[in-house]
Amino acid sequence: MTSLPPPDFLTIGSGSDSRRIAYRRIAGRGPAVVWLGGFKSDMKGTKAEALSAWAVREGRAFLRFDYSGHGESEGDFEQGTISRWAEEAVAMIGLAGPRPILVGSSMGGWISLLAVRRLAEAPAGMVLIAPAPDFTEALMWPAFSEEVRATIMTEGRWVRPSAYDEGGYPITRALIEDGRRNLVLGGLVETGCPVHILQGMEDPDVPWRHAMLLAEKIARDDVVVTLIKDGDHRLSRPEDLERLEAAVAAIGA
């Protein structure tokens, strides 16, 4: 991976809740593209790097950042919640200029949908990659055994084994309970902009039917769903990255 210059930082929150959020911005023509990563992911991942290179080639404005407790940002991952990360996303989107394009991967899809509710004007469009709205309640909690649920509720945390991290992912009671306060799939999802969903049909983490449920809930806005039959959760192969770049370019054309 190419060495990157140090990131810039934006301080969010105050007092004991203050944390410095790392971000990188590329100047260019708009609408700016804003990358919102997934759970335990950072802004140096394959898809974010590919979009950054695309932005440079195309002369497009691009902004990416790490949630608190992720990557180069300050904070303890286990203090993170959907509300906290959404607050950070809204602040970062505010740096991108008017009506940006939001590109949300996995949890970043949920964060994008929550952020839209708090923006003064709708974004120019959204590209959601294996979007995982409501994942704590719809995908995680039902899959946990009674023993795991009890551990989370009584001890406050449980480490979930992960194919992406040898140390596993800590799942906290705060994450689960806060997730329940941020569910979006119980009713109509309004984005105010066109949405393109990219979803692998061999995704072991976010089933493709979950993406289709989201598409059904976005009832008032244009939605395109691209199902990639042999695609996994990451969708980071060269052909997947080409689809991603094309989807973003189509919105910004």
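Q: What covers the buried residues of helix 6?
A: The cover includes helix 2, helix 3, helix 4, helix 5 (146–155) and strand 8 (169–172), where contact means heavy atoms within 4.5 Å. The buried residues of helix 6 (residues 173–180) are L175, I176, D178 and G179. Helices (H or I, at least four residues) and strands (E, at least two) are DSSP runs, numbered from the N terminus. This is a predicted model, in which local features need pLDDT of at least 70, side-chain atom pairs count only at pLDDT 80 or more, and totals for chains, interfaces and linings use all residues. Residues are numbered from 1 along each chain as its sequence is written, and side-chain values use heavy atoms, with hydrogens and water left out.

Q: Why is R84 called buried?
A: Buried means under 20% relative accessible area, exposed over 50%, and partly exposed in between (1.4 Å probe, protein chains only). R84 has a relative accessible area of 14%, so it counts as buried. This residue lies in helix 2 and touches D17, R19, S68 and Q79, leaving aside residues up to four places away in sequence.

Q: Is G97 buried, partly exposed or exposed?
A: With a relative accessible area of 34%, G97 is partly exposed. G97 sits in the loop between helix 2 and strand 5 (101–105). Its C-alpha atom is separated by 9.8 Å from that of V33, although the two are 64 residues apart along the chain.

Q: How do you know that the buried residues of helix 7 line one face?
A: The buried residues of helix 7 (residues 208–217) are H210, A211, L214 and A215. Seen down the helix axis, they fall within an arc of 145°, so they line one face of helix 7; the arc is that of the directions from the helix axis to the C-beta atoms. R209 and E216 are exposed on the other side of helix 7. The buried residues pack against helix 3 (107–118), strand 6 (125–129), helix 4 (135–140), strand 9 (195–200) and strand 10 (223–228).

Q: At what angle do the axes of helix 2 and helix 3 cross?
A: The axes of helix 2 (residues 82–93) and helix 3 cross at roughly 65° and come within 9 Å.

Q: Which residues make the contact of helix 2 with helix 3?
A: Helix 2 contributes I82, W85, A86, E87, A89, V90 and I93, and helix 3 contributes M107, W110, I111, L114, A115 and R118. They divide into eleven nonpolar, no polar and two charged.

Q: Which residues have the most contacts inside the largest nonpolar core?
A: They are F39, F65, I82, W85, I111 and I171, in a core of 53 residues. A nonpolar core is a set of buried Ala, Val, Leu, Ile, Met, Phe, Trp, Tyr and Cys residues joined through side-chain atoms within 4.5 Å. A second, separate core of 18 residues includes W35, L51, A55 and L235.

Q: What makes L235 count as buried?
A: Its relative accessibility is 4%, so L235 counts as buried. L235 is in the loop between strand 10 and helix 8 (238–252). Phi of L235 is near 45°, a positive value in a residue other than glycine.

Q: Is A130 buried or exposed?
A: A130 counts as buried, at 1% relative accessibility. A130 is in the loop between strand 6 and helix 4 and has a positive phi of about 45° although it is not a glycine.

How values were computed
Axes are lines fitted to C-alpha atoms, for helices over the stretch in contact, and angles run from 0 to 180 degrees between N-to-C directions. Ala, Val, Leu, Ile, Met, Phe, Trp, Tyr, Cys and Pro count as nonpolar, Asp, Glu, Lys and Arg as charged, and the others, Gly among them, as polar.
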